[in-house]
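Visitor: I'm new to this one. Could you show me around?

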Amino acid sequence: MANWVRLCGVAEAPSAGEVREAEAEGVAVCVANVGGELSALDNVCPHREGPLGQGWIEKDCVVCPWHSWMFHAKTGAGEFPADQSVKVFPLRVEGEDVLIDLE
Ligand code: FES
């Protein structure tokens, strides 16, 4: 069942080509902006729990700041390594707010 909650304000969301950390109801989230499109991923890297929201964007991927594992911002699928992935939360913008579905 959908559980849409406010993640941050549109004004606080990262600019194109940037990532940022945010939190919604105690859940740490990596907010990414690839080409002007926002997406929300689990902030915890599956490698050694690095903070993805402190990383950076490369092509359409979020790069972990600790050991450079890469995940597609929209799907969470691993670019490197390909057999890993992170959860992606449905995201929508409503007025001045960025909302995600925590399910
Ligand atoms: S903790 Fe993310 S790549 Fe190692």
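Visitor: How many bridges join strand S10 to S11?

Guide: First, this is a predicted model, where local features need pLDDT of at least 70, side-chain atom pairs count only at pLDDT 80 or more, and totals for chains, interfaces and linings use all residues. Residues are numbered from 1 along each chain as its sequence is written, and side-chain values use heavy atoms, leaving out hydrogens and water. Strands here are DSSP runs (E, at least two residues), numbered from the N terminus, and two of them pair if DSSP finds at least two bridges between them. S10 (residues 91-94) and S11 run antiparallel, and the number of bridges joining them is four.

Visitor: Which residue in the turn of that hairpin has a positive phi?

Guide: S10 and S11 have two residues between them. On the strands themselves, Val93 has Val98 in S11 as its bridge partner. In the turn, the residue with a positive phi, about 60 degrees, is Gly95.

Visitor: Is S11 mostly covered or uncovered, and how many of its residues are buried?

Guide: Buried means under 20% relative accessible area, with a 1.4 Å probe and protein chains only. S11 spans residues 97-101 and also pairs with S1 (residues 4-9), antiparallel over five bridges. There, Trp4 stands opposite Asp101. S11 is mostly covered, and of its five residues the buried ones number four.

Visitor: What is the strand order in the open sheet of four strands?

Guide: Its edge strands, each pairing on one side only, are S2 (19-24) and S9 (88-89). S3 (residues 27-34) and S4 (residues 37-42) share six bridges, with Ala32 opposite Ser39. Pairing in this sheet is antiparallel, and the order is S2-S3-S4-S9.

Methods. Buried means under 20% relative accessible area, exposed over 50%, partly exposed in between (1.4 Å probe, protein chains only).
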